[in-house]
Amino acid sequence: MRPGLGEWGGRPCDRTGRPNRKKDVPIVAQSTETTDWVSRFADEVIAESERRAPGKPVVVASGLSPSGPIHLGNLREVMTPHLVADEIRRRGHTVRHLISWDDYDRYRKVPGGVEGVDASWAEHIGKPLTSVPAPEGSPHANWAEHFRAAMVGALAELGVEFDGISQTAQYTSGVYREQILHAMRHRADIDAVLAQYRTKPKAAGKKGQKPVDEAELEAAEGSGAAAEDDGSSGSAGYFPYKPFCGNCGKDLTTVTSYDDDSTELTYACGECGFSETVRLSEFNRGKLVWKVDWPMRWAYEGVVFEPSGVDHSSPGSSFQVGGQIVGIFGGEQPIGPMYAFVGISGMAKMSSSKGGVPTPADALEIMEPQLLRWLYARRRPNQSFKIAFDQEIQRLYDEWDRLDAKVADGSALPADVAAHSRAVRTAAAELPRTPRPLPYRTLASVADITAGNEKQAERILGELDPAHPLASLDEARPRYDRAEAWINTHVPADQRTVVREVPDAELLGSLDEEGRESVRLLLDGLAEHWSLDGLTHLVYGVPKVRAGFSADATPKELPPEIKTAQRTFFALLYHLLVGRDTGPRLPTLLLAVGQERVRTLLGG
């Protein structure tokens, strides 16, 4: 488990714990205006792989610990190497993207906000994640499988091709036996590396930076491997290996003796008092401590590229230490970028409703895979960005649709074309797309107004463009379904749109001449302008005409007062139709309500 500070504190984290590597590992230059960052890294990774292992598949890696919900911050740990690996595949090279499921990590604490879990799960702290029961009601065999399954499903929808490796399977089957024995033989060398950092303060901030306080450290280390000790040191010396107790199953054990020749190891459990002597050459119920385990796997798998979290840059972090320990196993440290945080807009609202930070599966409920891929592809790894769960998602979709149009007509910049290509397709195939990608904000408004009535939604969407009517709601799917899910799960009930059942007689009776004439102009033009574009022209044009201008007059031809008049007119219409100052875009709202009902509610 790789924890990190910042927006995701205390939640299951990815393979962070890595330092600023200016002196340790060369980093390729970031993207220019004409070359996207993915291509630049692919160039370096291919060259480095040929230097290290000529003719062999390129190996890139990610690591995820299923100690709880795997969130959108963790997804950057996967998407960064995925995008690079996919570019390498596009160039005709064989590449393996390994995702190491760190399911043999210890269960550290009971996470909050997980349905089907209560305080009784604390009795399993110290056991491997695969030995902890799944949340109540889960169809999965254990804790790790429960949280891994959700991520696997999301990655499939995102088109991420990978080779998954269960560390429980690797350790318990004896795959790493020789590496474990090697680490024990070289424990003095490992101890010497770790000793360089044990006395250095972990919480010291750099000059000009906000100090890292104890609460932040606790949040970062709460359930992650970087919080592990370096191994057990006692009267018998230092050991980089932790057995899981044969009685209680926990890792609260201390190695009390070890013989290199016979490989006999004796340990005692600090939890239940159990003690036994085993032959390590035959024993598979334990693992290397994290700061040794990770570099061992770099060497074992031949990893060339792996991203690192920018948040762990302190002396003694697992990446920096690993860069020195990996040589003991005959390997080299991977190259790769440090990546910045991924934030959430609307996160507070979501946390209150779901009790935790959002996951890739949560994001894919409200947005298509292409949009989510694009958010990770368009920003260099060292640039932070936010994923929208609030109204901002409508603006993001507008931006995506504009890019889609520019790519189609050839006016997009090369780097934007590259990011778009990486969003909509992989080396293997193009991701499924919505046949008629209508504006997300329009679909959301329709879903809001119709409250799940598909026939009504189909009627409204069919009237948006009479020249090219929508034949079926399926043409707008899956985007329509995502917009409907957003409305149902992330728009508070008091902000939902409810059309009036009867006219507001009191308001209609109180209208002055300006209000009455404006409503009359709108009603007179409904039939002629009954389309999305037509109604847009009409509702913006009424205040212009009332002020003595042409409905076609541009903003440059109009005085500033027209905008004020438009806002006043729009507020009046909203009050007459839905009883509020605001609502969905008026043209969409009018289409949704229908001509006959609009006339009734507006007193026509």
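Which residue just after H22 takes a positive phi? Gly594 does so, at about 90°.

This report describes a predicted model, in which local features need pLDDT of at least 70 and side-chain atom pairs count only at pLDDT 80 or more, while totals for chains, interfaces and linings use all residues. Residues are numbered from 1 along each chain as its sequence is written, and side-chain values use heavy atoms, with hydrogens and water left out.

**Overall content**

The protein chain contains 23 helices and 14 strands. Helices (H or I, at least four residues) and strands (E, at least two) are DSSP runs, numbered from the N terminus. Of the 604 residues in the protein chain, 52% are buried. Buried means under 20% relative accessible area, exposed means over 50%, and partly exposed lies in between (1.4 Å probe, protein chains only). Among contacts in the protein chain with a separation of 6 or more, 73% are between residues 24 or more positions apart; contact means heavy atoms within 4.5 Å.

**Enclosed helices**

Helix H22 (residues 586–593) has eight of its eight residues buried, so it is largely enclosed by the rest of the structure. The buried residues are Leu586, Pro587, Thr588, Leu589, Leu590, Leu591, Ala592 and Val593. They pack against helix H15 (440–450), helix H16 (454–462), H20, helix H21 (561–578) and helix H23 (595–601).

Helix H12 (residues 369–377) is likewise largely enclosed by the rest of the structure, because nine of its nine residues are buried. Its buried residues include Arg373, Trp374 and Tyr376.

In helix H17 (residues 479–490), nine of the twelve residues are buried, so this helix too is largely enclosed by the rest of the structure. Among them are Arg479, Arg482, Glu484, Trp486 and His490. At 1.5 Å a residue, the twelve residues of H17 should span 16 Å, and the end C-alpha atoms are 16 Å apart, which agrees. The expected span is 1.5 Å times one less than the number of residues in the helix. The loop between H16 and H17 holds Pro478, which is joined to Arg477 by a cis peptide bond with omega of about 10°.

**A helix crossing and a partly exposed tyrosine**

The axes of helix H6 (residues 187–195) and helix H9 (residues 318–325) come within 10 Å and cross at roughly 140°. Axes are lines fitted to C-alpha atoms, for helices over the stretch in contact, and angles run from 0 to 180 degrees between N-to-C directions. On the H6 side the contact is made by Ile190, Val193 and Leu194, and on the H9 side by Val321, Gln324 and Ile325.

Tyr540 is found in helix H20 (residues 532–546) and counts as partly exposed, at 36% relative accessibility. Leaving aside residues up to four places away in sequence, Tyr540 touches Gln566 and Phe570. Tyr540 and Ile562 are 22 residues apart in sequence, and their C-alpha atoms are 9.6 Å apart in space.

**Strands**

An open sheet is formed by three strands in the order E7-E8-E9, with antiparallel pairing. Strand E7 (253–258) and strand E9 (275–279) stand at the edges, each with a single partner strand, so one side of each is left without a neighbour in the sheet. From one strand to the next the twist averages 25°. Two strands pair if DSSP finds at least two bridges between them. E7 and strand E8 (residues 264–269) pair over five bridges, and Tyr258 has Leu265 of E8 as its bridge partner.

Strand E13 (residues 342–345) pairs with strand E14 (residues 385–388) in the parallel sense over four bridges. The bridge partner of Val342 in E14 is Phe385. Val342 and Ile344 point one way from E13, Gly343 and Ser345 point the other way, and all are buried. In a regular strand the side chains alternate between the two faces of the sheet.

Most residues other than glycine have a negative phi, and most peptide bonds are trans.
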